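Could you walk me through this model in the viewer, one selection at a time? I would like to know what to pick next and what is there.

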Amino acid sequence: MARMLKVEELKAIQQKPKGLTRADEQVITVKLPSKGKHGYSDVVHLRPLKVKDVKALVEDPIEGELDYMRRLVQVMQNTVLDEGFYVHEMTIPDFRKILVAHRVNSIGKDIDLTFRCTCRDEVQLIRFDLMKLEEKEIAEDYVEPVQVGGIQLRFPRVWGYLPEGKASFDDVNDYDVLKSVVMGKEVDELLLSEAKAALEFVRKWENSYGVQTEVELPCRYCQKKVIVPIPFFLLISLW
Ligand SMILES: [Zn+2]
C-alpha cells in the first residue's frame with residue numbers, strides 16, 4: 001500500500017533524536033483544542049521557524065495543492081520537539097492551531113486578508129489580528145474510538161486528506177478520508193451501512209472544535225459584512 005509507505009517514510013525521517021533540553025532554542029508551547037482526546041498529547045512543543053523551513057514552501061514550484069500540503073506537514077513536523085509526536089496523525093483543527101501558533105510567534109499576529117463585496121468589483125484589503133480568532137475546545141463528552149456495529153471510528157487525521165496519487169483537495173473523496181477514520185477494517189470491505197455510519201460520525205464532529213475558520217469583515221463602501229476564510233495553509237508562506 002503506497003499510503004502506508006508514505007507514513008513509514010515520514011516516521012523514518014523522524015527517528016533523529018529530539019528533546020526539550022536544548023537551551024539555545026526558544027520553545028513555543030501550544031495547547032491543542034482536542035485536549036488529548038485523540039490519543040496524542042494535549043500540548044505540543046515547537047521550535048521557532050527558520051528560513052531553511054519555509055524555503056521548502058516558497059522555492060519549490062507548487063505542483064498541486066496536496067503536494068504543497070505534504071511539504072507543509074513535513075515543515076511543521078521538523079519543528080516538533082516532542083519525541084513520537086506525528087503531525088500527520090493530528091486532526092485538521094489541531095493542525096490549524098499549530099499553523100496559527102507558528103505564524104503568531106515566528107512572523108507576527110497580523111495578516112492582510114483580501115476579499116470582494118458584491119456591491120462593486122474591487123478587491124478590498126483589511127489587516128486582521130490573528131489573536132482575535134476564537135477557539136472552541138472539543139466537547140467534554142467526545143470519546144474515541146467509538147464502536148458502531150462491527151467497526152471502530154475515530155476523528156479524521158491529516159493524512160486522510162492527503163491520499164497518495166491525488167493532486168488537489170477536489171480529488172479527495174469521502175472514502176479517502178474514511179481510511180483515517182475506520183479502525184480495524186479496510187474501507188473497501190465496509191458494508192454500506194457501516195460506511196454511512198462512519199460518514200455520519202465524521203459530519204457530526206468534523207467542525208465541532210478548533211480555531212474559528214472564517215471571519216466577517218465590513219465592506220468599506222456598503223458596510224455589509226463579508227465572510228472571509230482564514231488562509232491557514234498559507235499562514236507561514238504569506239507574510
Ligand atoms: Zn459592499
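Here is a short tour of this predicted model, from its cores to a sheet and the helix across that sheet.

**The largest core.** Start by selecting Leu 72, Val 73, Met 76, Val 87, Phe 95, Leu 99 and Val 158: among the 21 residues of the largest nonpolar core, these touch the most other members. Next, colour β2 (43–46), α3 (65–79) and α4 (92–107), the elements that each give two or more residues to this core. The biggest contribution comes from α3, with 6 residues. Now centre on Met 76; leaving aside residues up to four places away in sequence, Met 76 touches Val 87 and Ile 98.

**A second core.** Select Ile 151, Leu 153, Phe 155 and Ala 198, which are included in a separate core of 10 residues.

Is Tyr 86 buried or partly exposed? Tyr 86 counts as partly exposed because it has 18 C-beta neighbours inside 10 Å, whereas a buried residue needs 20 or more.

Show the open sheet of 3 strands, ordered β6-β7-β8 with antiparallel pairing. Its edge strands are β6 (146–148) and β8 (182–183), each pairing on one side only. Between β6 and β7 (residues 151–153) there are 3 bridges; zoom in on Val 146, whose bridge partner in β7 is Leu 153. Finally, select α6 (residues 192–205), a helix that lies across β6, β7 and β8 and runs at about 15 degrees to β7.

Key:
Residues are numbered from 1 along each chain as its sequence is written. This is a predicted model: local features need pLDDT of at least 70, side-chain atom pairs count only at pLDDT 80 or more; totals for chains, interfaces and linings use all residues. A nonpolar core is a set of buried Ala, Val, Leu, Ile, Met, Phe, Trp, Tyr and Cys residues joined through C-beta atoms within 7 Å. A residue is buried if 20 or more other C-beta atoms lie within 10 Å of its own, exposed if 12 or fewer, and partly exposed in between; C-beta atoms are placed from the backbone. Helices (H or I, at least four residues) and strands (E, at least two) are DSSP runs, numbered from the N terminus. Two residues are in contact if their C-beta atoms, placed from the backbone, lie within 7 Å. Two strands pair if DSSP finds at least two bridges between them. Axes are lines fitted to C-alpha atoms, for helices over the stretch in contact, and angles run from 0 to 180 degrees between N-to-C directions.
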